[in-house]
Amino acid sequence: MSVCVLNSAEFPDRTSMMEVRLQAQEDEITLLKSSLADALRRIRLHDQLLPLLKQQLVAGECSIYIYMLDLWMSSVEEPIQPTTIRGLQREDFQDRSCSPEELGSGTTSVRTSDQNLSSRAGPLSPIQEGEKKPLCVPFTASIKMFIRGRPITMYIPSNIQNYEDLKMEPPSERLELDWVYGYRGRDCRANLYFLPTGEAVYFIACVVVLYHINKRTQRHYRKHTDCVRCLTLHPDKVRVASGQTAGVDKDGKVTTTSLKDIKKFPNLLMSQDSGAFLCVIDDSNEHMLSVWDCNKGTKYAEVKSTNEAVFTVEFNPSDSTNIITCGKSHVYFWTLSTGQFTKKQGIFGKYKKPKFIQCFVFSLTGDVLTGDSEGNILTWGKSTFQIMRQTRAHEGSVFTLCTLQGGALLSGGGKDRKIIRWSADLAPERECEIPEKYGAVRTIADVDGEELLVGTTRNAILRGTFSDGFVAIVQGHVDEMWGLATHPSQNIFLTCGHDRQVCLWNTEEHKLDWCITLEEYGLCAGFCPNGSVVSVGLSTGRWLVLDLLTREVVSESTDGNEQLSVMRYSPDGSFLAVGSHDNFIYIYNVTESGRRYTRFGKCNGHSSFITHLDWSKDGKYIMSNSGDYEILYWDIAAGCKLLRNRFESKDREWASYTCVLGFHVMGVWLEGSDGTDINALCRSHSERMVAVADDFCKVHLFQYPCPKPKAPSHRYEGHGSHVTNVCFTHSDSHLLSMGGKDTCILQWKVVGGGVGDSRERLASASSTSTSSPEPATS
């Protein structure tokens, strides 16, 4: 007999290995069960189908040939009912020669047009007038789209006679950028300037904004192709240079661009001297320092800067051959001569070296003043490269320095949120503190020596003076956004996101009406049709109903413990559907004008999390999508019953259309899409167009319906991150689009367009068009 003694440390490893093997065996058993269930389903389908076909063929009542039975059975998704045979792919049978009702009548007519049957279906004997017409087996017209190799059957509505002849065109409507909500202050420096035109220039996402602070109008520069990261003002205060995040081409190589029109670079920091040259530091590992000829648009000189982070670069205003950079634990003094750089490192000497040098400016005497992470302002000799003086300024970091005419200095603090005015010899003169809700001071722009513009780390721009204080003129979210809803009758909309803020915006006045902070993330929202309340779904399964006027919570509930993805009221406001990541749709009765909610039922049948849902126009049915690309239909009036026969819903009309999967929006998907490329879509209230938010920073505008692949669209850029949501205003006058991580809301004006609704257009196109769809337009 042998005895084996195991070290106690080996038991967890052995246990872990056994758990892995057990899990693998359970997975194999699950696959076997699934295969067995599929085999039994196919046998049952054969058993249901064959007696019916045999009976009809023996009786001589069917005059249509049956082809490719095995292929048909492999594509059937649902049990075949005795009175209905369906599921053929359109390319197998294009016939819709009789309806399920005609099939059950026994003595119904068939269409005698040659177009009613495919040539593959065999010859059809002529039927003389007055003869008894044969019973037909209806082959439901359907087509399949594929996402990640998974087929999804789409049933063609009855009013489309010739699907192949449908002509897809871009809509006659177009979008024009009307307003940009937000500012990027959370992670960018020196990105706010005041122009002689009375405009503040700043950026967010891929847009450079020129905002007139008195007239409250905006102009936009939109030629950037990725998020803007830096900005500098030409000495003439007319021209502006802006730089964008570095990109890669289709081969994965870092892109390089020329200086044409001084518009864009894959760079981080920029500064201009007297106007002839532009200094740039990129965001590569070596932080390449380069100087560009502004007139010729060519690179004049380039050198590796440092492997450490670099925050600021500036030309010496009194000597354009001198350039200064600062960043993590360093200040470098560069000299440029005949296209070559020489570098001198700043000497800290007896002074403690700070972790970061955040910013610097030049004094009237030519000395350099730096602000650091220790809260100090250091004065550096213009020729000695050594510290001459240390001035205690702020608690926490000095984020920004700004010189005023006459030599006075402004400094902005991080932790203490203070703005301090200093005399030319660095004696403190005045100070004020910005409200905590706006975050720390990121950058300061002088308006007239008294009035200031302040960019903050919580993405706000403040306007004010030391005497009167500061008010926000630009505000935005500070983290990823997903929830978007437009009011049913007013020009307002609501947003929510990972920053726990719920914001109500006014599309006419282009301002934030109010903002509240929640304890959890807000991920979805929906207005009650009466417009008095709005429901907000949170990240924990909890949801709130807010009164728009008082901002108070009038109702609160919790469904499951996973995040909610959609809140949708029925057209008359009597029901609320709550879609959750726990795979369920919770249905509530709504009373007391949206202030009282009682559980009505639960839709149980999805195998993955709910992504989108819509109510039918009569408020009795729901169409829903899930994370594994299912399209399911529910009879709410009958007790949240799952409709097994999806064919029965092909002609149903929907009060809204936000589901990304469905026959009417098949054409919005690009070939090879993986199922997550489209985050949201929204049909207009006129039912003439559908807007799409994709994962590639684009907003698309399609004709509605667009049921054919490669449908053309108008495409719009501006976002610098995945577009998470889109929504039309109640009158279709504007479209709102929301970026995810770019924290940007774009308001687009809808221009152009004609008359007529989607049903008229679809029926007309089905009966008259003969050409194939054109490739997508810009």
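## The hairpin from strand 31 to strand 32

Three residues lie between strand 31 and strand 32, which form a hairpin. R500 in the turn has a positive phi of about 65°. Strands here are DSSP runs of E with at least two residues, and helices are runs of H or I with at least four, numbered from the N terminus. Strand 32 covers residues 501-506 and pairs with strand 31 in the antiparallel sense over 5 bridges. Pairing requires at least two DSSP bridges between two strands. L504 in strand 32 is the bridge partner of L494.

## Basis of the model

This is a predicted model: local features need pLDDT of at least 70, side-chain atom pairs count only at pLDDT 80 or more, and totals for chains, interfaces and linings use all residues. Residues are numbered from 1 along each chain as its sequence is written, and side-chain values use heavy atoms, without hydrogens and water.

Strand 30 (residues 481-486) runs antiparallel to strand 31, joined by 5 bridges. A hairpin of 5 residues connects strand 30 to strand 31. M481 has G497 as its bridge partner in strand 31.

## An annotated segment

An unreviewed UniProt entry places a "transmembrane region" at residues 193-213. Positions follow the numbering used here, feature names are shortened, and annotations may be inferred rather than shown by experiment. In the model, residues 193-213 are 0% helix and 67% strand. The end C-alpha atoms of this span lie 12 Å apart.
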